[in-house]
Amino acid sequence: MPTITPTHYRSVRETTERLCRPLVTEDYQLQSMPDCSPPKWHLAHTTWFFETFVLAEHESGFVPYHPEYRRLFNSYYEAVGERWPRPARGLLSRPTVEEIYAYRRAIDERMQILLEREPTKIATLVEIGLNHEQQHQELLLTDLKHALGLNPLQPVYASEPVPKRAMSPTPLMWQEYPAGVGSIGHNGNGFAFDNESPRHRVFLESFQIASRASTVGEYLAFIEDGGYYRAELWLSDGLRTRQEQGWTAPLYWVEKSIFTLRGAKPLDLAEPVCHLSYYEAEAFARWSGARLPTEAEWETACGERHVSGHFLESEFYHPTAGGDSFFGDVWQWTASPYTAYPAYRTADGALGEYNGKFMCNQIVLRGGSCVTPSGHIRPSYRNFFPPEARWQFSGVRLAKDLT
């Protein structure tokens, strides 16, 4: 049984609000595409989660904060009821930003009382809610970057100086792993989402995997070699998507510069390349004479490594050069479709909709990124997105067969 203290609860909730401090009122309303949500909605939805799944079930004499919020801030939980359309979240000028913060304060006060009275009874639900909020902290920044990146004024989210960073990449080495039977999936220690279990055996042929993520310089060589126009490198769906979308470089690249949450800057050839779709990552891997690792290969190579790297707390808000960790900087596309592990069973109730129902037409990513909270990631963590998604901090770690 997890132990969730009021202090831990407040810390996670306050981090979300701290991330919003650089925003002006107009920023809270931005929704640049259906896959993104306005900052205001993220603030409200994470609060809705605690009200709906914790307070409504365990608070004596529960009364909804506002009867319409159950509908307005429901994301995809069919069992909870009707939902406001996802593409129209940016049309909700009301409730105001001030009213959303008042909603957060009110629910937090009620949650604090419940945590003090019945900490054990609600601990599991609160732990899920806090991890859910950490996911939205990352989404808040990635969604905001997409909206600001469309603005010709190129607004800066965070302008204070960035800590000094390494200016050259770690040499790329190939780490070899023999064929054999291993185990992947959550080992039972600490929190994990249901899609990380059960732990199970896998057989792997011998393989090798890159010691670090691929860099901007390496990807630029792919571009300069005509990589975006060489049909033999692309999956059929990827080529069609590239042509329809007009892709000629990763998202946010404009000639020799890149838009970041700290504004536009020249390309740094030593940084991990990011904002790639699965299709781009796969084509680049072929061009490199390599391939993408399966998630079983990635987790086997990662092993029980200590989680270290550049995460949200570093406040870089962008991948940084010189890292050779399996974690942080960029999510790494794998070759694995997002499907259930053997013997996986969807949980009962509305929370059973959290992960299981998305196990179709998605690809697994591993490792976390520069905007992932460091306490939120682990070797077994499975992120997933459709193959055309590019607005996340997604990059590539190469693999090869050993023959």
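Trainee: Is Cys302 buried or exposed?

Mentor: This is a predicted model, so the values are computed. Buried means under 20% relative accessible area. Cys302 has 1% relative accessibility, so Cys302 counts as buried.

Trainee: Which cysteine sulfur is nearest to that of Cys302, and how many Å away?

Mentor: A disulfide needs two cysteine sulfur atoms within 2.5 Å. Cys302 is in no disulfide. The nearest sulfur is 18 Å away, and it belongs to Cys370.

Trainee: What is the relative accessible area of Cys20?

Mentor: The cut-off for buried is under 20%. Cys20 falls in that class, because its relative accessible area is 1%.

Trainee: Why is helix H8 described as largely enclosed by the rest of the structure?

Mentor: Helix H8 spans residues 278–287. Among its buried residues are Tyr278, Glu280, Glu282 and Phe284. H8 has 10 residues, and it is largely enclosed because the number buried is eight.

Trainee: Which strands stand at the edges of the open sheet of three strands?

Mentor: The order is E5-E6-E7, with antiparallel pairing. E5 and E6 (residues 257–260) pair over two bridges, and Val254 stands opposite Ser257 in E6. An edge strand has a single partner, so one side is left without a neighbour in the sheet. The edge strands are E5 (253–254) and E7 (263–266).

Trainee: How many residues are in the largest nonpolar core?

Mentor: Those with the most contacts inside the largest core include Tyr77, Val126, Leu141 and Trp253. A second, separate core has five residues, including Tyr338 and Phe384. For the largest core, the number is 109.

Trainee: Leaving aside neighbours within four places in sequence, which residues is Leu141 in contact with?

Mentor: Leu141 is among the residues with the most contacts inside the largest core. Its list leaves out neighbours within four places in sequence. The contacts are Leu19, Tyr157, Leu261, Leu312, Tyr317 and Val371.

Conventions. Residues numbered from 1 in each chain as written. Predicted model: local features only at pLDDT ≥ 70, side-chain atom pairs only at ≥ 80, totals over all residues. Heavy atoms only, no water. Buried < 20%, exposed > 50% of the residue type's maximum accessible area, 1.4 Å probe, protein only. Helix = DSSP H or I, 4+ residues; strand = E, 2+ residues; numbered from the N terminus. Pairing = 2+ DSSP bridges. Core = buried A, V, L, I, M, F, W, Y, C linked by side-chain atoms within 4.5 Å. Contact = heavy atoms within 4.5 Å.
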